[in-house]
Structures are given as C-alpha cells and as structure tokens.
There are 2 protein chains.
Amino acid sequence: MTAREKPTDCGGYHHGDLRNALVVAASELIEERGGTDFAMVDAARRAGVSSAAPYRHFKDKDELLAEVCQVCFLALSETVEQQCVDYETGTRARIIALGTSYLSFVIRHPKFYELMWGDLAAGAMDMIEPRSQHTGFHLLVEALAAWAEREQVVIDDPARIATELWGFAHGIAGLKLHGHIDHFTPGLDVYDLLESAATTLLDGLSCP
Amino acid sequence: MTAREKPTDCGGYHHGDLRNALVVAASELIEERGGTDFAMVDAARRAGVSSAAPYRHFKDKDELLAEVCQVCFLALSETVEQQCVDYETGTRARIIALGTSYLSFVIRHPKFYELMWGDLAAGAMDMIEPRSQHTGFHLLVEALAAWAEREQVVIDDPARIATELWGFAHGIAGLKLHGHIDHFTPGLDVYDLLESAATTLLDGLSCP
DNA sequence: TACACTATGTAAGTCTCTCTTACATTAGGT
DNA sequence: ACCTAATGTAAGAGAGACTTACATAGTGTA
C-alpha cells in the first residue's frame with residue numbers, strides 16, 4: 001500500500017509537498033501501529049513539521065484519514081484490474097481471479113480494514129465516485145456477462161450476480177480477518193472457499 | 001438491542017447494580033450518537049455516578065465496550081435461533097431464514113456494526129466462545145446437513161458450505177450498511193439478493 | 001453493640017491528543 | 001523592492017481517558 005510518490009524533499013521553511021507527505025506518513029503509521037489511533041502530531045513529526053502544520057492541508061484528522069482511504073481504494077481497484085487481465089474474457093477463471101484478487105488485497109492489508117470499511121469510509125466514498133466507471137465492480141459485471149454469453153446461460157441482471165459474488169468475497173474477507181473462520185472452521189483456506197463458492201454459484205446459474 | 005434487565009434502582013451512596021447500568025447506558029449512547037464515540041463520563045452520568053466510578057467495574061473504556069459487544073452477540077444468536085424454528089428441518093426455507101434473520105439483525109442495528117465487527121470485537125470473542133455450541137453457525141450447519149440428506153445431495157463438509165453462506169450474508173450486510181450496494185446497484189433489495197444467491201448456491205450443489 | 005474489612009463511591013488532578021489563534025517566513029507576481 | 005497568498009511555528013485551550021487519595025456503606029465477627 002504505497003501512497004502515491006514519496007514527498008519531494010526540500011529542506012527549507014516550506015515543505016513543498018506536505019499534504020502528500022502527510023498521507024504517506026499516516027499510511028506508514030497505520031501499518032506500523034495497526035490502526036488509525038496514531039496522534040496527528042506523529043504524522044506531522046514524521047513529515048518534519050510542527051503539530052499545527054497539518055491543519056493547513058486538512059480540516060481535521062478525519063479528512064486526512066479520508067484521503068488515505070481514497071488512496072487505498074485506488075490501490076484496490078488497480079490491483080484487481082491488473083490481476084484479471086491474465087485471464088481470458090468469458091472464462092470462469094477470470095471471474096474467480098477478480099474475486100480472489102479482491103479477497104487477497106483485503107487480507108494482505110489487515111491494518112487498513114477498519115479505515116476502508118468503517119464509518120469514516122462511507123463519507124470518503126463520494127470523492128471516489130468519478131472513478132467508478134473503471135472500478136473492479138464493472139469488470140466483474142462484464143466478466144459475468146461475457147461468461148453467460150459464451151456459456152449460453154441466461155442472466156437477466158449481471159450486476160445482481162456481481163453483487164452476490166462481491167458480497168461473498170467481502171464477507172469471507174471480513175470473517176477471516178476477525179478470526180471467525182479460524183474459530184468455526186479452523187484450517188479452512190479462504191481462497192479455496194471463495195473459488196468453490198463461486199464455482200457452485202456459476203454451476204447453479206448454468207444448471208437446467 | 002436491549003441489554004439484559006434494567007438496573008435495580010436504589011438511590012443511596014452505593015448504586016447496587018452499576019456494572020450492568022453502565023452497559024445499558026453505553027448501549028443507549030451508541031444507539032443515540034451512532035457509535036462508540038461517547039465519553040466515559042456520559043455513561044457514568046446516565047447511571048447517576050461520578051466519572052471515576054466506572055473504573056471500579058471496568059479496567060478501561062474498551063472493557064466496557066467489549067461487554068456491550070458480548071451482549072450484542074448474544075442478542076444476535078438468540079434472534080437467529082428464534083427466527084428459524086418456524087421452518088421445518090431439511091427445507092431450503094430454513095436455511096434461507098437463518099441467513100435472512102442474520103442479515104436483518106445486522107442491518108437493523110447499524111449503530112452497532114463497528115462495535116460488533118471492528119477490531120475491538122476480535123478480543124471480546126474469546127468470552128463468547130463457551131456459548132458457541134448453540135450459536136447460529138451450528139444451526140446453519142445442521143440445516144444444511146438435513147437439507148442435503150433429504151434432497152439426496154452429497155456434501156462432504158456442511159461446515160464449509162455454511163461458511164460460504166455466512167460469508168454471503170455477512171458481506172451483503174456490510175456492503176449495504178456502507179452504501180456500496182445502493183451506489184452500484186440502486187434499488188436492489190438485499191433480502192431478495194440473499195435469497196436468490198442462497199437458492200442458486202443450493203441449485204449448484206444439487207445439480208449433476 | 002463495637003470493630004474491622006472489603007466493596008464501591010467521590011473529588012481533584014494528570015496526561016495525551018485534537019484543534020485554534022496569533023504571528024513568522026517564503027514564493028511569486030507586478 | 002513590495003504586496004499578497006500560501007504555508008509554516010509557538011503556545012495554549014478544551015475534551016476526554018485514566019489515576020490517586022479519601023469517604024461511605026454493607027457485612028461478618030466478637
């Protein structure tokens with residue numbers, strides 16, 4: 001989860017790229033301390049400025065976290081997009097790859113889970129909307145529609161099935177991260193689980 | 001989400017049931033203010049005691065919240081258990097009712113979502129474990145096994161399928177509460193979605 | 001009843017953290 | 001060179017979590 005580019009160093013009284021540096025610092029602190037419970041002044045010190053400086057760029061701590069949240073969602077959609085290009089359009093493998101890469105991203109960034117899926121994120125979502133045309137969700141809808149056409153399966157609403165699969169991946173990720181899966185079904189591999197669930201679901205769609 | 005019984009009033013210097021009263025007060029504050037961002041002193045005042053009194057009963061605020069969290073999970077499993085008894089064992093309806101009641105509970109208590117599925121809850125889980133034999137999850141496993149037997153479907157591991165369905169319900173709830181479903185597929189009814197997803201999954205299992 | 005002991009409450013204060021205010025410095029345009 | 005806007009600093013106000021020293025109440029025991 002690298003947040004954009006590193007800040008351009010410039011040593012003088014004026015930082016030059018403080019806003020961005022603070023986003024990077026906040027991301028690092030979240031990764032290191034396992035959550036958003038770092039002090040604003042820590043992010044400021046890490047960027048080499050005083051405790052009041054961040055408030056020139058962010059109204060409050062939540063606004064900084066919202067920006068970090070956006071960066072995370074951009075990284076998520078980029079990851080998902082990159083992972084699926086290796087798989088041919090219309091194949092089950094592509095659909096499964098979309099789900100797996102989503103699940104993998106969420107699980108590989110546990111420290112960012114609260115930030116991305118907590119209350120704060122709901123507000124931050126509005127700013128990501130403009131990008132929504134290229135988001136992973138639409139890739140999933142397209143992948144499903146292509147699969148249905150190729151397999152001669154009738155699907156009235158691919159977006160609906162996409163939401164089901166998304167819910168799957170999202171739910172599995174949440175349950176895994178909070179230890180519920182390890183508690184109730186220890187040893188279960190979540191990637192296997194996602195693949196078999198998706199497979200069964202597609203089976204159910206293409207059944208008579 | 002009513003937390004146990006109301007505290008026994010007793011007016012004197014000693015409260016008599018402060019620990020419980022604080023859990024109730026905290027629950028009310030979460031409901032009213034929409035999260036766990038209430039001040040410890042507010043819960044204390046609501047129970048009619050000073051700001052330091054709660055620390056006689058809870059090590060810190062997290063410990064109070066953990067207790068509220070436990071109450072929530074007890075309420076959840078009770079709700080799920082009560083909802084499913086109306087449906088005959090071995091039917092699809094029972095399986096779907098288990099999922100629907102779970103989804104419904106989570107969605108009807110949005111203010112408690114962070115508390116129940118956030119980082120704090122992971123620690124609070126250990127104390128609920130003793131009850132896990134009667135938790136909703138095992139009802140789901142049993143319902144699936146009964147259905148498979150009745151329908152002559154071979155399922156090697158009902159717990160695995162149960163986890164898939166749980167993930168479904170959990171994911172749909174999370175996506176709905178954070179506005180993602182309304183954003184990408186506006187107007188979609190999540191209960192319909194859960195039912196059709198579960199149906200398709202069972203179709204996939206009972207297919208050739 | 002008298003006494004000790006423990007549980008539970010209060011008052012007052014400390015510490016940390018967010019955010020504000022008043023002032024200082026710098027970059028860039030004219 | 002000078003003005004202005006942007007961006008930084010120093011100092012502190014205020015909120016809220018938690019602590020410490022002390023007060024009060026119930027309970028068991030002689």
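Helices, taken as DSSP runs of H or I with at least four residues, are numbered from the N terminus. In this predicted model, Gly48(B) lies in the loop that joins α2 (40-46) to α3 (61-84) of chain B. Gly48(B) has 14 other C-beta atoms within 10 Å and is therefore partly exposed. The C-alpha atom of Gly48(B) is separated by 46 Å from that of Glu195(B), a residue 147 positions away along the chain.

The secondary structure of chain A consists of 10 helices and 0 strands. Read from the N terminus, the elements of chain A follow the order α-α-α-α-α-α-α-α-α-α. Chain A has 208 residues, of which 40% count as buried. Among the contacts in chain A with a separation of 6 or more, 65% are made by residues 24 or more positions apart.

α3(B) has 24 residues, and its first and last C-alpha atoms are 35 Å apart, close to the 34 Å expected at 1.5 Å a residue. Several residues of α3(B) are buried, including Leu64(B), Leu65(B), Val68(B), Cys69(B), Cys72(B), Leu76(B) and Val80(B). An α-helix has 3.6 residues a turn, so residues three or four places apart point the same way. Glu67(B) and Ser77(B) are also among the buried residues of α3(B). The partners against which the buried residues of α3(B) pack are α1 (18-33), α4 (92-108), α5 (113-117), α6 (119-124) and α7 of chain B.

The largest nonpolar core contains 124 residues. Within this core, the residues with the most contacts are Ala26(A), Leu140(A), Ala26(B) and Leu140(B). When residues up to four places away in sequence are left out, Ala26(A) touches Ala43(A), Leu64(A), Leu65(A) and Val68(A).

The same surface serves both copies, as 100% of the contact residues of chain A recur in chain B.

In the interface itself, 36 residues of chain A are in contact with 36 residues of chain B. On the side of chain A that touches chain B, at least two residues are supplied by each of α5 (113-117), α6 (119-124), α8 (158-177), α9 (180-184) and α10 (190-206) of chain A. The largest share of this side, 13 residues, belongs to α8(A).

Most residues other than glycine have a negative phi. Gln152(A), although not a glycine, has a positive phi of about 60°. Gln152(A) is found in the loop between α7 (136-150) and α8 of chain A. With 7 other C-beta atoms within 10 Å, Gln152(A) is exposed, because a residue with 12 or fewer counts as such. In chain B, Gln152(B) likewise has a positive phi of about 60° without being a glycine. The loop that holds Gln152(B) runs between α7 (136-150) and α8 (158-177) of chain B. Gln152(B) is exposed, since 7 other C-beta atoms lie within 10 Å.

Technical notes: Residues are numbered from 1 along each chain as its sequence is written. Chains are lettered from A and ligands numbered from 1 in the order in which they are written. This is a predicted model: local features need pLDDT of at least 70, side-chain atom pairs count only at pLDDT 80 or more; totals for chains, interfaces and linings use all residues. Two residues are in contact if their C-beta atoms, placed from the backbone, lie within 7 Å. A residue is buried if 20 or more other C-beta atoms lie within 10 Å of its own, exposed if 12 or fewer, and partly exposed in between; C-beta atoms are placed from the backbone. A nonpolar core is a set of buried Ala, Val, Leu, Ile, Met, Phe, Trp, Tyr and Cys residues joined through C-beta atoms within 7 Å. The expected span of a helix is 1.5 Å times one less than its number of residues.
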